[in-house]
Amino acid sequence: MPSARLRRSIQLAAAALAMSEAAAFDLQGHRGARGLAPENTLPAFARALAIGVTTLELDCGVTRDGALVVSHDRRLNPDITRGPGGAWLDGPGPMIHALDYAELARYDVGRIRPGSEYAKRFPDQTPVDGTRIPRLADVFALVARARNATVRFNIETKIDPTRPEETLAPDEFARALVREVRAGGMARRTTIQSFDWRTLRVVQAEAPEIATVYLSAADTIGSGDRASPWTAGLRPRDYASVPAMVKAAGGAIWSPAHAEVTPALVLEAHRLGLAVIPWTANAPAELERLLDLGVDGIITDYPDRLRAALAARRRALPTPTPVER
Ligand code: MG
């Protein structure tokens with residue numbers, strides 16, 4: 001294991017690379033392109049690649065038999081999941097962590113349940129019936145089929161410190177993800193993001209070549225004397241701001257909830273040398289607000305809208321790479 005100092009310099013170099021390779025601006029397709037295609041699926045990642053993004057944002061979990069799979073939910077989500085017989089789940093389904101990959105692959109996640117609140121949020125999503133939850137390795141293979149040698153992966157460890165029984169422990173989870181990223185040869189093109197900063201600490205210690213991204217929202221940061229379970233022991237009262245906490249944790253990239261981003265926070269983050277990449281902004285007016293604030297990237301369900309906003313500002317755009325069939 002490299003010395004702490006060497007680790008830190010490798011880690012800073014990885015973060016600098018992550019930021020410079022994000023070209024002028026890091027256009028991130030959230031769960032692929034959730035506004036346009038079924039979230040966290042190969043059709044959504046293919047759609048994002050065809051539109052042209054800098055980064056594919058995605059979430060991951062680990063099955064009982066150790067497969068790294070792409071899913072936002074620790075339990076199968078009844079809003080997007082039909083069972084092996086084709087019927088919609090009538091409540092939260094089994095935990096991904098309790099299923100083998102072969103069992104998980106029997107569920108269909110290619111459509112939002114018609115009539116649900118979730119469906120109303122994404123009226124432009126085109127369903128692709130029969131779509132399965134992919135493995136991370138399948139996403140890497142898809143990108144190779146698109147002959148895209150530069151798109152990046154921003155991979156979130158979906159772990160909730162208040163529900164430890166629903167996933168692997170943070171160190172095991174982080175190690176499983178790092179192994180899979182390295183096995184796919186994608187360490188240089190990957191950032192690992194989490195609201196659970198414990199997983200980021202493990203990545204920084206054991207895989208300094210992979211940059212980390214500190215997700216935050218007011219309720220994960222908490223307030224007062226006690227550390228939130230999400231922040232790896234850091235207490236907000238000990239720091240002047242959330243960016244200062246991220247910096248103290250060893251982070252170089254901060255992903256705040258977009259509505260919580262203020263001009264002062266962007267200035268503070270930049271003063272500390274952090275990149276700011278808010279999640280998940282979709283409304284054109286909000287995209288404009290964030291661009292005006294000088295953020296370094298944006299995570300969006302509608303990468304097409306963000307491209308249009310960047311094009312109007314004459315900003316450099318990532319090259320579209322449709323997947324060849
Ligand atoms: Mg995510």
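Biologist: How much space lies in the second largest cavity?
Modeller: About 80 Å³. Please keep in mind that this is a predicted model.

Biologist: Which residues line the second largest cavity?
Modeller: The lining includes Cys60, Gly61, Val62, Asp73, Arg74, Ile96 and His97. Lys158, Glu166, Thr167, Leu168 and Phe173 also line this cavity. Strand S2 gives the most to the lining, with three residues. By class, the lining has five nonpolar, three polar and four charged residues.

Biologist: And what volume does the largest cavity have?
Modeller: Its volume is about 90 Å³. The largest cavity is lined by 13 residues, and Val70, Ser71, Ile80, Val109 and Ile133 lie nearest its centre. Five of the lining residues are nonpolar, six are polar and two are charged.

Biologist: How many cavities of 30 Å³ or more are there?
Modeller: The count comes to four.

Biologist: Let us change topic. Which residues coordinate the magnesium ion?
Modeller: Glu57, Asp59 and Glu156 coordinate the magnesium ion, at 2.1 to 2.2 Å. Along the sequence these donor residues follow the spacing E-x1-D-x96-E. Distant parts of the chain are linked here: Glu57 is in strand S2 (residues 55-62) and Glu156 is in strand S4 (residues 152-157), 99 residues apart.

Biologist: Is Glu57 buried or exposed, and why?
Modeller: Glu57 counts as buried because its relative accessibility is 2%, and buried means under 20%. Glu156 is buried as well, with a relative accessible area of 5%.

Biologist: Which residues does His30 touch?
Modeller: Leaving out residues up to four places away in sequence, His30 touches Glu57, Thr280, Ile299, Thr300 and Asp301. Glu57 is also one of the residues that coordinate the magnesium ion. His30 sits in the loop between strand S1 (26-29) and helix H2 (42-51), and at 7% relative accessibility His30 counts as buried.

Biologist: What is buried in H2?
Modeller: Ala44, Phe45, Ala46, Ala48, Leu49 and Ile51 are buried there. The elements covering the buried residues of H2 include S2, strand S3 (68-70), helix H5 (136-145) and helix H12 (303-312). After H2 comes Gly52, with a positive phi near 105 degrees.

Biologist: Now the nonpolar core. Which residues touch the most other members of the largest one?
Modeller: Leu56, Leu58, Phe153 and Ile298 do, in a core of 72 residues. Helix H6 (residues 170-183) gives the most to this core, with six residues. Another core, of 11 residues, lies apart from it, and its members include Leu89, Ile96, Leu99 and Ile133. In soluble globular proteins, nonpolar side chains tend to be buried together.

Biologist: What is Phe153 in contact with?
Modeller: Setting aside neighbours within four places in sequence, the contacts of Phe153 include Thr55, Leu56, Leu58, Val139, Phe140 and Val143. Met186, Arg189, Thr190 and Thr191 are also in contact with Phe153.

Biologist: One last residue. Where does Arg226 lie?
Modeller: Arg226 lies in the loop between helix H8 (218-221) and helix H9 (242-248). Arg226 is exposed, because its relative accessible area is 70%, and exposed means over 50%. Not counting residues up to four places away in sequence, Arg226 touches Arg235 and Pro236.

Biologist: And what separates the C-alpha atoms of Arg226 and Ile133?
Modeller: They are separated by 37 Å, and the two residues are 93 residues apart along the chain.

Definitions and conventions: Residues numbered from 1 in each chain as written. Heavy atoms only, no water. Donors = N, O, S within 2.8 Å, 3.2 Å for Na, K, Ca; no water. Helix = DSSP H or I, 4+ residues; strand = E, 2+ residues; numbered from the N terminus. Buried < 20%, exposed > 50% of the residue type's maximum accessible area, 1.4 Å probe, protein only. Contact = heavy atoms within 4.5 Å. 1 Å grid on protein atoms, 1.4 Å probe; cavity = no way out; pocket = protein on both sides within 12 Å on 5 of 7 lines; lining within 4 Å. Points joined across faces, edges and corners; volume = space filled by probe spheres on them. Nonpolar A, V, L, I, M, F, W, Y, C, P; charged D, E, K, R; others polar. Core = buried A, V, L, I, M, F, W, Y, C linked by side-chain atoms within 4.5 Å.
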